[in-house]
Amino acid sequence: DFEFKKAIKGNTEDEIEAKLNNAKSLIFLLNSRDAFLKIYSKQLSSRLLNNTTISNEAEKNMYNLMQAEWGQMTVKKIKSMLQDMEMSKEINADFQKFKEKNRITLPTEMNVTILTQGCWPESETKKSIIPEEVEPCKVAFERFYQHKYPGKILSWTLTLGDSEMIGTSDKRKFVFIVSNVQMSILLLFNKRKEMKYEEIKT
């Protein structure tokens with residue numbers, strides 16, 4: 001996980017390939033392949049959804065190494081995760097065109113990552129309550145998505161990903177980069193100065 005987040009930063013393609021081959025040699029000596037893939041998938045999910053990976057190409061190369069060693073069926077979920085990220089970029093670009101064509105103005109910008117059900121770690125795909133401030137964005141995206149993919153249904157989750165928020169205090173402006181869950185909690189305080197934990201939890 002450290003290699004993909006920081007260690008390969010600034011390395012040449014040959015240096016990255018050498019590190020991946022070294023990692024491959026260690027991985028394929030492991031006794032429990034399934035245990036490794038479970039941990040790797042969870043860390044890959046976090047890197048992709050939180051945009052902390054240094055090199056998407058390195059992620060793809062690592063997948064190719066595992067596929068060559070263990071076969072396509074063993075790592076098909078990892079392939080699907082990588083494909084989801086590429087497809088989501090195209091979908092978000094199409095959403096921008098859809099808004100422009102239909103003259104839709106939203107209160108905030110939103111990028112959506114479409115996850116294939118059953119291919120991402122279970123903990124990352126729990127349903128979430130969408131804050132009312134973000135609801136217009138959700139409604140607009142669902143309208144676009146149903147037009148583009150009739151019959152497909154979206155299930156929303158805020159477990160991973162991040163948000164940029166602007167707050168003011170004593171006439172000073174502050175910009176916060178927070179997780180989507182933190183964003184949901186902070187928005188609650190737009191209406192009330194104090195809240196009990198039980199109220200936030202619900």
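**Legends to close-up views**

View 1. P107 has a relative accessible area of 58% and is exposed (over 50%; buried is under 20% and partly exposed lies in between, with a 1.4 Å probe and protein chains only). The model is predicted, local features need pLDDT of at least 70 and side-chain atom pairs count only at pLDDT 80 or more, whereas totals for chains, interfaces and linings use all residues. Residues are numbered from 1 along each chain as its sequence is written, and side-chain values use heavy atoms, with hydrogens and water left out. P107 sits in the loop between helix 5 and helix 6 (helices are DSSP runs of H or I with at least four residues, strands are runs of E with at least two, and both are numbered from the N terminus). P107 and E133 are separated by 26 residues in sequence and by 7.8 Å in space, C-alpha to C-alpha. With neighbours within four places in sequence set aside, P107 is in contact with E133, P136 and C137 (contact means heavy atoms within 4.5 Å).

**View 2. Packing of helix 5 against helix 6.** The two helices pack at an angle of about 105°, and their axes are 10 Å apart (axes are lines fitted to C-alpha atoms, for helices over the stretch in contact, and angles run from 0 to 180 degrees between N-to-C directions). Helix 5 and helix 6 are therefore roughly perpendicular (65 to 115 degrees; under 35 counts as roughly parallel, over 145 as roughly antiparallel and the rest as oblique). Helix 5 contributes I91, D94, F95 and F98 to the contact, and helix 6 contributes C137, A140, F141, R143, F144, Y145 and K148. By class, these residues are 8 nonpolar, no polar and 3 charged (Ala, Val, Leu, Ile, Met, Phe, Trp, Tyr, Cys and Pro count as nonpolar, Asp, Glu, Lys and Arg as charged, and the others, Gly among them, as polar).

**View 3. The largest nonpolar core.** This core has 21 residues, of which F95, M110, V134, F141 and F144 touch the most other members (a nonpolar core is a set of buried Ala, Val, Leu, Ile, Met, Phe, Trp, Tyr and Cys residues joined through side-chain atoms within 4.5 Å). Two or more residues each come from helix 5 (76-101), helix 6 (135-148) and helix 7 (180-188). Helix 6 gives the largest share, 5 residues. Not counting residues up to four places away in sequence, F95 touches L106, C137, A140, F141 and F144. A second, separate core of 18 residues includes M62, L65, V75 and C119.

**View 4. Packing of helix 3 against helix 5.** Helix 3 (residues 33-49) packs on helix 5 at about 5°, with the axes 11 Å apart. This angle makes the pair roughly parallel. L37, Y40, S41, L44, S45, L48 and L49 of helix 3 meet I78, M81, L82 and M85 of helix 5. The contact holds 9 nonpolar residues, 2 polar and no charged.

**View 5. Polar contacts of E59.** E59 belongs to helix 4 and is buried, at 1% relative accessibility. Its side chain makes a polar contact of 2.7 Å with that of R47 (a pair of N or O atoms within 3.5 Å; within protein, one must be able to donate a hydrogen and the other to accept it, and residues adjacent in sequence count only if both atoms are side-chain atoms). Another polar contact, of 2.7 Å, joins the side chains of E59 and T53. T53 lies in the loop between helix 3 and helix 4 (56-70) and is buried, with a relative accessible area of 14%.
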